[in-house]
Amino acid sequence: MIILTLNCGSSSAKYQVYDWNAKDILAVGIVEKVTMPGSFINHRVKGREELTLQQDCPTHTDAVGLIIKILTSKDQGVISDMSMIKAVGHRVVHGGMKFTKSVIVDDAVMATLDEVKELGPLHNPANIMGIEAAKKVLPDVPHCAVMDTAWHQTMPPESYLYAIPGEWFEKYQARRYGFHGTSFLYTAKRAAVLLGQDPAKTNVIICHLGNGSSVNAVKNGCSFDTSMGLTPLEGLVMGTRSGDIDPALPFYIMRKTGMNATEIESALNKKSGLLGLTGKFTDRRDIQAAAVSGDAQALLAQHIEAYRVKKYIGAYQAALGRVDALVLTAGVGEFAWFIREKILDGLEGIGMVFDPVKNKVSCTRNTETIISKPESKIPIYIIPTDEELVMTEDAFALMQGTYDIHTNFTYSFQSKDYVNKGRAEGLEHELVKNPELAKIIARPLN
């Protein structure tokens, strides 16, 4: 049984093909420059060379059609025909207040997603186009919407309400929603496994650090507070997003420059963050290289990014009271040891003591590691996220009629014996090149 997952952005369409019976990934890839000239697909299958093929995709329907064409091709495909695909899971960034869990897409769901698309103007329109495109190409299978915001619907009012006129919330649903929900769900459940604890009794702070970044305070296994807000703009310093600013700053700049609201929104989302601080970089590797070579702007950008994360960790420890573990995940959290070092340095006073040597060794997506010292009161884990697996399992369970809200549902990765076959194979090869990694692999405590 094959489950396809799709993550459609404004100009891209990422996909993964999962063999449910074998519990293994068959293929992953992405179509880039959708709706633009020069579009192409990167297609990766285990044991084969990566395929790059140029083909115009003026619409998301064309992109999904190209994905299906590659997946079923004689030379590059991994399935014989489309009938092998039994369900499709779609990432949807913003579900508003309507959804507390993943759902099968029907006309009512599509109408609701359309209603709340103004809450996620940079993401939701593309997500909706991807669903519509996939339903045209695969009309006879269940399509499932997996909302980033659903995980955070457990937040209490003191976490999600802004101190604004009440009618803004009542009429326009202006509140904190939070994002990266599938990543936080996966890493929270895996942290409970590593701690040997009941997830319903586990308190963790999770830092999802990538081009988009956020922190989540998880209390008794549920989202309690998070750094992103009405949109993914609030919170941490990100690749091109400003994160927290004085709300009056946009009005000041508008008066000074004559910029309108649309231009300000674009500047804060696409020209700020690390790009704004350095003037040229968003990739942490480029910033690190520049910082090492003496670029003062790059070094300052690193300190500002790390300091913002550090502040949220401290705030969420105060909010939770008891913290069982600190978790770092996503591309930067998993690989950028130099950013982690700046974040973790100085947290000894709140019981988090990292080991600089272990921190440098841990640069992998193939295993979970622990980088804290033995005397650390709070363990520090690096847990590679797996959003696609959450989407896959949600889609399968919805298709089978066994799915429920995460507190009433058990995922395969909640077992202490869970193994990701692809990552396990990758780890074997990685340990040959980096044997020190074996010393910091995190094991379940019970």
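The lining of the largest cavity in this predicted model is made up of nine nonpolar, five polar and two charged residues. This cavity holds about 130 Å³ of space, and of the 16 residues that line it, S102, A150, W151, L185 and Y403 are the closest to its centre. The elements that give two or more residues to this lining are β8 (143–147), α6 (181–195) and α15 (387–400), and α6 gives the most, with three residues.

The count of cavities of 30 Å³ or more comes to two. The second largest cavity is lined by A188, K189, A192, P199, T202, V204, V218 and G221, and here too α6 provides the largest share, with three residues. The table sets out the two cavities.

| Cavity | Volume | Lining residues by class |
|---|---|---|
| Largest | about 130 Å³ | nine nonpolar, five polar, two charged |

Helix α7 (residues 249–257) packs against helix α8 (residues 261–270) at an angle of about 120 degrees, and their axes lie 10 Å apart. Angles from 65 to 115 degrees count as roughly perpendicular and those over 145 as roughly antiparallel, and α7 and α8 are therefore oblique to each other. Their crossing is right-handed. On the α7 side the contact is made by P250, I253 and M254, and on the α8 side by A261, I264 and L268. By class, this contact has six nonpolar residues, with no polar and no charged ones.

Notes:
Residues numbered from 1 in each chain as written. Predicted model: local features only at pLDDT ≥ 70, side-chain atom pairs only at ≥ 80, totals over all residues. Heavy atoms only, no water. Axes fitted to C-alpha atoms, helices over the stretch in contact; angles between N-to-C directions. Helix = DSSP H or I, 4+ residues; strand = E, 2+ residues; numbered from the N terminus. Parallel < 35°, antiparallel > 145°, perpendicular 65-115°, else oblique. Left-handed = near helix turned anticlockwise from the far one by under 90°. Contact = heavy atoms within 4.5 Å. Nonpolar A, V, L, I, M, F, W, Y, C, P; charged D, E, K, R; others polar. 1 Å grid on protein atoms, 1.4 Å probe; cavity = no way out; pocket = protein on both sides within 12 Å on 5 of 7 lines; lining within 4 Å. Points joined across faces, edges and corners; volume = space filled by probe spheres on them.
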